Amino acid sequence: QTIDSTNLEAARRLNTGDQWILTHAQPAGTGRRGKVWEMPKGNFAASLLMHSSEDISALAQRSFVAALALQDSLEAFGATDITLKWPNDVLVKGRKIAGILLAGAPGAIIIGIGVNLAKAPDITKLADDALPPVALAMLVGQHVKAEDFLDALAASFDRYEQQMRRIGFSTIRQAWLQKAAKLGEVIHARLPDRVECGTFETIDETGALVLMTAKGRITLSAAEVFF
């Protein structure tokens, strides 16, 4: 019913088997760069603990697997006009509905997922340049239970994960690019010491962002993108 954070709980369960952890309240939930993840009642918060001997760069590509699984699950419950924002957000009609947070652990990856099922977070608590949020209930006119959403999400994630293991990242990359937000448009990528502005050309074979800037083509493995 309540846990400090599903990602923290997953870390405590290392080496106890692969598993999903779902909670209805997580007061210590966080997003990227330590930002607070607002979770109004009825929203979705879960983490997948997946053990693997793969290196961290390959494990990090599971954010794209998770994004595709979220896309399929949201569509199954009636959402349309879904796009995927590099590296870790899912948008509906340009508004943020879900976020993904990866955490590395010895011999494992933890994939935290938050979805606005019932209610969008308070916009006054978000950063000034944050995309406006939206909730699934606002879009489809009914509330989807977190357990029902997890059933769909876990099944979809498993399908993409098996594809990743059979074929590699290439087909995941192509599927993600077909839904990429602002592909071919000018975006901004914030790094700790600067902001890069350029045309979003693609993601490379590792999942890194490729921008064409005034200085030429650059590749970024990590950044915070805003439009």
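Here are some notes on the structure above, point by point.

1. **What you are looking at.** This is a predicted model, where local features need pLDDT of at least 70, side-chain atom pairs count only at pLDDT 80 or more, and totals for chains, interfaces and linings use all residues. Residues are numbered from 1 along each chain as its sequence is written, and side-chain values use heavy atoms, with hydrogens and water left out.

2. **Overall build.** Along the principal axes, the C-alpha atoms fill a box of roughly 50 × 40 × 30 Å. The radius of gyration is 17 Å, which agrees with the value near 17 Å for a compact globule of 227 residues. That radius is taken over C-alpha atoms, and the globule rule is 2.2 Å times the number of residues to the power 0.38.

3. Contact means heavy atoms within 4.5 Å. Among contacts between residues at least 6 apart in sequence, 60% join residues at least 24 apart.

4. **The core.** The largest nonpolar core has 53 residues, and Phe44 and Trp176 touch the most other members. Helix H3 (residues 62-76) gives the most to this core, with 8 residues. A core here is a set of buried Ala, Val, Leu, Ile, Met, Phe, Trp, Tyr and Cys residues joined through side-chain atoms within 4.5 Å. There is also a second, separate core of 6 residues, including Ile21 and Leu49.

5. **Ring pairs.** How many aromatic pairs does a search of the whole structure find? The search finds 5, where rings of Phe, Tyr and Trp (its six-membered ring) pair if their centres lie within 6.5 Å, with planes under 30 degrees apart called stacked, over 60 edge-to-face and the rest tilted. Phe64 and Trp176 are edge-to-face, because their planes are at 85 degrees, with the ring centres 5.3 Å apart. This pair links distant parts of the chain, with Phe64 in helix H3 and Trp176 in helix H6 (residues 169-178), 112 residues apart. Both Phe64 and Trp176 are buried.

6. **Two lysines, one ring.** Have a look at Phe227. The charged end of Lys85 sits over its ring, 5.8 Å from the centre, and the charged end of Lys182 sits over the ring of Phe227 too, 5.4 Å from the centre. To count, NZ of Lys or CZ of Arg must be within 6 Å of the ring centre and within 35 degrees of the ring normal.

7. Is Ser63 buried or exposed? Ser63, in helix H3, counts as buried because its relative accessibility is 8%. Beyond its sequence neighbours within four places, Ser63 is in contact with Pro87, Ile100 and Leu102. Asp204 lies in the loop between strand S8 (194-203) and strand S9 (209-213), and is buried at 16% relative accessible area. Leaving out residues up to four places away in sequence, Asp204 touches Phe169, Arg173, Val210 and Thr219.

Notes
Buried < 20%, exposed > 50% of the residue type's maximum accessible area, 1.4 Å probe, protein only. Helix = DSSP H or I, 4+ residues; strand = E, 2+ residues; numbered from the N terminus.
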